[in-house]
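Subject: Structure handover

Hello,

Here is the structure you asked to take over. Please open it alongside this email.

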Amino acid sequence: MRGKWEEFSLDMLITLAIRADNVFNEQKITHRGADGARGNAPRWFSAGLKLKF
């Protein structure tokens, strides 16, 4: 399951954006092809700030 960006306004000029994918580290096969099975993405977290000038 892919996460979406959640945004939190800290100020009129600053917004915090966070995202998390595969929080519980589930192991699934996403594709079976000629080159073998392919697993899903690992646990991943990301955060950033959006600034208005």
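Below are the findings, from the whole chain down to two residues.

This is a predicted model, in which local features need pLDDT of at least 70 and side-chain atom pairs count only at pLDDT 80 or more, while totals for chains, interfaces and linings use all residues. Residues are numbered from 1 along each chain as its sequence is written, and side-chain values use heavy atoms, with hydrogens and water left out.

**Whole chain**

The protein chain has zero helices and five strands. Its pattern along the sequence is β-β-β-β-β. Helices (H or I, at least four residues) and strands (E, at least two) are DSSP runs, numbered from the N terminus.

The radius of gyration is 16 Å, whereas a compact globule of 53 residues would have one near 10 Å. That radius is taken over C-alpha atoms, and the globule rule is 2.2 Å times the number of residues to the power 0.38. Along the principal axes, the C-alpha atoms fill a box of roughly 50 × 20 × 10 Å.

Buried residues account for 11% of the 53. The cut-offs on relative accessible area are under 20% for buried and over 50% for exposed, with partly exposed in between (1.4 Å probe, protein chains only). The chain exposes about 4,800 Å², and 59% of that comes from carbon and sulfur atoms. Accessible areas come from the Shrake-Rupley method with a 1.4 Å probe; for residues, only the protein chains shown count as cover.

Take the contacts between residues at least 6 apart in sequence: 35% of them join residues at least 24 apart. Contact means heavy atoms within 4.5 Å.

Three strands form an open sheet in the order 1-2-5, with antiparallel pairing. Strand 1 and strand 5 (44–51) are the edge strands, each pairing on one side only. On average, neighbouring strands here are turned by 20° against each other, direction ignored. For such angles, axes are lines fitted to C-alpha atoms (for helices over the stretch in contact), and angles run from 0 to 180 degrees between N-to-C directions.

Strand 1 (residues 6–9) and strand 2 (residues 14–21) run antiparallel and share four bridges. Two strands pair if DSSP finds at least two bridges between them. A hairpin of four residues links strand 1 to strand 2. Glu 7 has Ala 17 in strand 2 as its bridge partner. Ser 9 stands opposite Thr 15.

**The other hairpin**

Strand 3 (residues 29–33) pairs with strand 4 in the antiparallel sense, over four bridges. Two residues lie between them in the hairpin. Arg 32 is bridged to Ala 37 in strand 4.

**Two residues to look at**

Thr 15 lies in strand 2. Is Thr 15 buried or exposed? Thr 15 is buried, because its relative accessible area is 18%. Beyond its neighbours within four places in sequence, Thr 15 contacts Glu 7, Phe 8, Ser 9, Leu 10, Gly 48, Leu 49 and Lys 50.

Arg 43 sits in the loop between strand 4 (36–39) and strand 5. Arg 43 counts as partly exposed, at 44% relative accessibility. Leaving aside neighbours within four places in sequence, Arg 43 contacts Asp 21, Asn 22, Val 23, Phe 24 and Asn 25. Its side chain reaches the backbone oxygen of Val 23 at 3.2 Å. The C-alpha atoms of Arg 43 and Glu 26 are separated by 8.3 Å, with the two residues 17 apart along the chain.

Best wishes

Definitions and conventions: A polar contact is a pair of N or O atoms within 3.5 Å; within protein, one must be able to donate a hydrogen and the other to accept it, and residues adjacent in sequence count only if both atoms are side-chain atoms.
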